[in-house]
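Please work through each task with the structure at hand before reading its solution.

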Amino acid sequence: MEDAIEPPDANALLMLQAAQGSEEAFTELVRTHQLNLVNFFKRMGASENCEDLAQETFVRLFRYRRSYRASARFTTFLYHLARNVWADHGRKVLRFEKLTAEYENQLNTSSTAITHPVRENADIQDALDRLSPKLREVIVLNIYQGMRYQEVADVLGIPLGTVKSRINHALAALKEIFNEH
Amino acid sequence: MNTDCRFHDDVNAFLAGELLPAERLAFSAHLDQCPCCQAALDSSSRVMALLKTLPTATVETDLSAAVLSRVRASERKTFYRSTTIKAAAWAAAFAVIAGVWQMSQKTQPSAQVSKVIVNQRASHALDWLIQNQEADGSWNAERWGGQRNFAPALTALPLLALVSSSDQSSPDRLKILIRGAQYLRSQQNPDGSFGPFFHGTPYNSSISTLALLHVWQIAPDSIPKSALDAALAALAQSQSREGGWDDRHASYSICPITQWHLQALECAVQLGWSELAPSLNRGQAWLAKLNPLPEAGRNSSATEPSLLAQTGERTQNSIDFYQTYFEAIALKNHALPESEKLLAKLHRDILSHQIVEGPETGSWPPDDRWGRAGGRLYSTALAALTLEH
């Protein structure tokens with residue numbers, strides 16, 4: 001991948017203004033990212049409370065506004081918070097940890113053990129829901145949120161190679177689900 | 001499919017444009033000669049294309065208003081936990097400890113009140129306040145047993161109770177707050193103070209200013225900033241040389257005038273009136289000097305008769321709403337080992353006095369030593385504020 005000069009991040013500037021007390025800047029950030037955040041939670045598997053989860057993420061963004069450093073991409077910061085909101089939500093419904101444990105077991109037993117039943121023309125959201133949380137989040141961040149592998153790694157706090165590996169696992173599982181060989 | 005091919009793991013990264021230039025060249029050269037990788041690439045392309053057909057959800061309403069409402073409520077809670085209160089925390093905490101000790105000598109422990117019940121009863125209190133707001137935005141002091149001179153403070157206290165509750169998203173609630181703020185504005189004097197000039201003016205001015213600051217934080221267009229500038233200037237100018245606002249009083253439990261002034265100043269400093277920081281600091285220092293036994297407080301023997309005598313007369317038959325309010329703040333913000341239990345007990349005591357049937361359901365009878373001045377608006381607003389902690 002070629003190195004590119006990043007354009008000035010308007011979001012980062014707004015975030016710095018918000019940290020200095022500008023409600024207008026914060027409001028602009030909310031309006032800019034609310035749709036993407038709602039879709040993030042929807043694709044992660046939230047049912048009817050996507051907007052509540054997005055709200056909670058923005059509340060945390062405000063709470064931690066002074067922790068943000070312009071050297072980091074704004075979206076990395078935002079989705080790191082969103083992922084934590086999602087994890088907290090998952091813990092609340094006692095689902096996240098269970099699925100994570102199941103996935104860990106699957107990974108430990110075989111790297112090709114994700115063999116969901118094959119189904120032609122499976123509904124896409126249903127297919128995403130059938131991925132383990134760890135695989136689903138790399139797909140959501142990479143494909144739906146448009147993040148490069150490195151940013152996915154930054155958001156999740158994992159090595160770049162792990163992102164690559166999880167995306168390969170996820171796409172392999174999706175090919176199974178979609179009956180794509 | 002031949003997954004043993006050493007390039008196989010690069011298929012998806014190639015498709016996503018994530019390979020380094022040298023890796024990309026190598027993979028491209030390999031691809032021409034490897035049907036397995038070609039098939040994998042085609043398959044991944046189809047899956048990626050399929051995934052991208054997933055429809056995008058829409059957002060029904062702009063989230064910014066609800067988010068701002070929540071962060072403002074959160075900021076207010078942070079404010080109440082701030083240093084002004086900490087300056088008096090030990091004093092109040094010991095007052096509570098002593099009070100509870102005193103009560104424990106007389107009564108058997110009763111059941112804890114759940115948070116759900118506390119929230120529900122606090123909601124009843126706010127409902128009572130909302131129902132009794134007058135058409136001009138005020139709360140009528142005399143109608144509810146208070147003194148007319150304290151009219152600004154007795155509108156500001158219900159406003160503070162409403163603005164401190166967690167539910168700020170209702171448009172109706174916002175209208176109530178704005179109407180109340182507009183009434184307070186109508187009571188402001190040219191020098192920035194509020195209400196008639198008498199010994200209670202400092203109460204009227206400090207509590208009204210605090211309430212207006214909170215409403216301004218939520219609805220900045222509803223109050224001209226110049227009105228707040230004048231109100232804050234009046235507060236700062238009335239500060240004594242020593243730093244307090246009423247030198248006649250000598251201990252935390254009977255110096256609420258300074259407490260209200262400091263709450264208003266601290267709120268203002270947080271909202272950007274940084275020039276008031278020196279006045280705030282002087283006031284905090286003055287208050288800290290009143291803090292009894294800050295070191296001895298770490299010793300359980302501090303619950304001696306001297307503290308009990310200072311604590312006042314809180315028993316199951318009477319509540320000092322003023323003292324209880326400041327005790328609740330201190331307990332909430334000072335991590336004493338017994339804080340949670342004491343706060344729960346304090347809530348239970350408060351709730352045992354709330355009217356639960358009849359036309360005044362949700363309110364509290366103003367039967368403490370300040371009740372003749374403040375009436376039912378005072379007792380109900382302060383009890384509701386106490387339950388928010």
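**Exercise 1.** Determine whether Arg60(A) is buried or exposed in this predicted model, and describe its salt bridge with Glu56(A).

*Solution.* 
Step 1. A residue is classed as buried when its relative accessible area is under 20%. Arg60(A) has a relative accessibility of 15%, and therefore counts as buried.
Step 2. Apply the same cut-off to the partner: Glu56(A), at 17% relative accessibility, also counts as buried.
Step 3. The two side chains form a salt bridge, with an N to O distance of 3.0 Å.
Step 4. Both residues belong to helix H3 of chain A (residues 50-63), and because they are four residues apart, about one helical turn separates them.

**Exercise 2.** State which parts of chain A are tied together by the salt bridge between Arg73(A) and Glu151(A), and classify both residues by accessibility.

*Solution.* 
Step 1. The closest N and O atoms of Arg73(A) and Glu151(A) are 3.3 Å apart.
Step 2. Arg73(A) lies in the loop between H3 and helix H4 (74-92) of chain A, whereas Glu151(A) lies in helix H8 (residues 149-156), so the bridge ties together parts that are 78 residues apart in sequence.
Step 3. With a relative accessible area of 38%, Arg73(A) is partly exposed. Glu151(A), at 8%, is buried.

**Exercise 3.** Carry out an analysis of the salt bridge between Glu137(A) and Arg83(A).

*Solution.* 
Step 1. The side chains of Glu137(A) and Arg83(A) meet at 2.8 Å, N to O.
Step 2. Glu137(A) is in helix H7 (residues 133-144) of chain A and Arg83(A) in helix H4 of chain A; the pair links distant parts of the chain, 54 residues apart.
Step 3. Glu137(A) has a relative accessible area of 3% and is buried, while Arg83(A), at 23%, is partly exposed.

**Exercise 4.** Describe how chain B is built, using its helices, burial and contacts.

*Solution.* 
Step 1. Chain B has 17 helices and zero strands.
Step 2. Of its 389 residues, 55% count as buried.
Step 3. Among the contacts in chain B with a separation of 6 or more, 72% are between residues 24 or more positions apart.
Step 4. The accessible surface of chain B is about 17200 Å², and carbon and sulfur atoms account for 54% of that area.

**Exercise 5.** Characterise the contact between chain B and chain A by its area, its residues and its polar interactions.

*Solution.* 
Step 1. The size of an interface is often expressed as the accessible area lost when the parts come together. Here chain B and chain A bury about 3600 Å² between them, 59% of it on carbon and sulfur atoms.
Step 2. Glu18(B), Leu51(B) and Leu54(B) supply 18% of the area that chain B buries against chain A, more than any other three residues.
Step 3. Chain B contributes 40 residues to the contact and chain A contributes 38 residues.
Step 4. Four salt bridges are found across the interface. In the pair Asp10(B) and Lys164(A), the side chains form a salt bridge at 2.7 Å, N to O.
Step 5. There are 16 residue pairs in polar contact between the two chains. On the side of chain B that touches chain A, helix H1 (11-15), helix H3 (35-51) and helix H4 (64-80) of chain B each supply at least two residues.
Step 6. By class, that side of chain B comprises 20 nonpolar, ten polar and ten charged residues.

Definitions and conventions. Residues numbered from 1 in each chain as written. Chains lettered and ligands numbered in written order. Predicted model: local features only at pLDDT ≥ 70, side-chain atom pairs only at ≥ 80, totals over all residues. Heavy atoms only, no water. Buried < 20%, exposed > 50% of the residue type's maximum accessible area, 1.4 Å probe, protein only. Contact = heavy atoms within 4.5 Å. Areas by Shrake-Rupley, 256 points an atom, 1.4 Å probe, with all protein chains shown as cover. Buried area = accessible area lost by both parts, 1.4 Å probe. Polar contact = N/O pair within 3.5 Å; in protein donor to acceptor, adjacent residues only side chain to side chain. Nonpolar A, V, L, I, M, F, W, Y, C, P; charged D, E, K, R; others polar.
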